[in-house]
Amino acid sequence: MPSLTTIPATSGAFVGDLQLPKTVKVQNLNYFFGEGELRKQALFNNNLEVRRGEIVIMTGPSGSGKTTLLTLIGTLRTTQDGSLKVLGNELQGCDRDLIVRVRRQLGFIFQAHNLFESLTAYQNVNMAAELAGLDPMIAEGRIKSLLTRLGLGERIHYKPKSLSGGQKQRVAIARGLVHKPKLILADEPTAALDEKSGREVVTLFQELARDEGCTIIMVTHDNRILDVADRIINMVDGQIKSDVAVQEASVICDFLKEIPLFDHQTPNTLAKIADQMMVQEAESGDTIIRQGDPGDLFYLIRNGTVEVRVHDGKQERTVAELKEGQYFGEAALITEEPRNATVVAKGKAIFYALEKKDFREVLERSASFEEELRQALFGRQ
């Protein structure tokens, strides 16, 4: 059987990048507000891994727990139950000194800009630079560069009362970025910005992720910026309901569209199928499925080559060789009969696998789809 533990294909573990260092690791995380009879659970058994240099967008309805999770990651709330590691540090049960050290490596950007009204834009940003221990000469150049980049070059020395709401928000963004944090936590950073300013902010985020390996987690309802995300996480009722690696989901959808079994499905349906698929890896000689076994998975080849072998009772013969983008394992899922062939990896190979129940749900979505699938299956005999 495949040698790698099965993981969600779109969970953020990009094929080929499975060993990237983790900036955030959440395991079985719960959180409660209040005490005694008033105690109410806000987060339920959440699990999440965010790797260095990723841009992650968190979506979901108001009250779903997005900001609560973000503030826990940012050390602004105390971890109660479960494990939460940020920049390699376990926050569950940690002391105050560790929290301070972690916090100095974080950048916070919140919808409420919370600027000091008595200080200029430059001075507000400089406060963050001073707290981070940035050299004054380095800080001066970086502050001016950030404020200019964000469209405030002519308002560097203006106080908040002379700035619009969007301009104040851009000052707050500069304040969160000035010390070159390893992790940026942003809650609705573009909500008060027009399209041009919002685009400039997320473009800056992309550059920080690409050039400096900065990890960015954003809570947003702004669908104008979803295109910058490496991953999109959806929360509902205090729980992560989906965690989709956009790049990997796109690869899966591109493969599926080329398969007659799936080519008439809508983009939305294809995306849902991609989210349900798992990654499996095999070494040369590994048996992926065995003739006579019950069928439980549909396989799509991500890369590598496999041999399809059939045993007729006397001898085993190779009947096909399948490569990247091709698929196998659908026959037993359609007919409910045992596997009709053995499939063996010729070299190292990676597959996307879809469980039988999810495969059957695709069939049930369209009365004609099963017939098309049977025809496609018949044509491969």
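## Confidence, helix packing and a cavity in a predicted model

Over residues 13-19, pLDDT stays under 50, and the model has 18 contacts for this stretch beyond four places in sequence. The table sets out the two stretches.

| Stretch | pLDDT | Contacts beyond four places in sequence |
|---|---|---|
| Residues 13-19 | under 50 | 18 contacts |

For the protein as a whole, the mean pLDDT is 87, and 90% of the residues reach 70 or more.

Two packed helices are described by the angle between their axes and the distance between the axes. Helix H4 spans residues 136-149 and helix H6 spans residues 195-212; the two pack at an angle of about 135°, and their axes are 10 Å apart. H4 is therefore oblique to H6. On the H4 side, the residues in contact are Arg142, Leu146 and Arg149, which meet Glu200, Thr203, Leu204, Glu207 and Leu208 of H6. Sorted by class, this contact comprises four charged, three nonpolar and one polar residue.

Rolling a probe the size of a water molecule over the atoms shows where empty space is left. One cavity of 30 Å³ or more is present in the structure. The largest cavity holds about 30 Å³ of space. Its lining is formed by Glu195, Gly198, Arg199, Arg224 and Ile225. By class, three of these lining residues are charged, one is polar and one is nonpolar.

Key. Residues are numbered from 1 along each chain as its sequence is written. This is a predicted model: local features need pLDDT of at least 70, side-chain atom pairs count only at pLDDT 80 or more; totals for chains, interfaces and linings use all residues. Side-chain values use heavy atoms; hydrogens and water are left out. Axes are lines fitted to C-alpha atoms, for helices over the stretch in contact, and angles run from 0 to 180 degrees between N-to-C directions. Helices (H or I, at least four residues) and strands (E, at least two) are DSSP runs, numbered from the N terminus. Angles under 35 degrees count as roughly parallel, over 145 as roughly antiparallel, 65 to 115 as roughly perpendicular and the rest as oblique. Contact means heavy atoms within 4.5 Å. Ala, Val, Leu, Ile, Met, Phe, Trp, Tyr, Cys and Pro count as nonpolar, Asp, Glu, Lys and Arg as charged, and the others, Gly among them, as polar. On a 1 Å grid over the protein atoms alone, a cavity is a set of points where a 1.4 Å probe fits but cannot get out, and a pocket is an open set with protein on both sides within 12 Å along at least five of seven lines; lining residues have an atom within 4 Å of a point. Grid points are joined across faces, edges and corners, and a volume is the space filled by probe spheres set on the points. pLDDT is the predictor's confidence in each residue, from 0 to 100.
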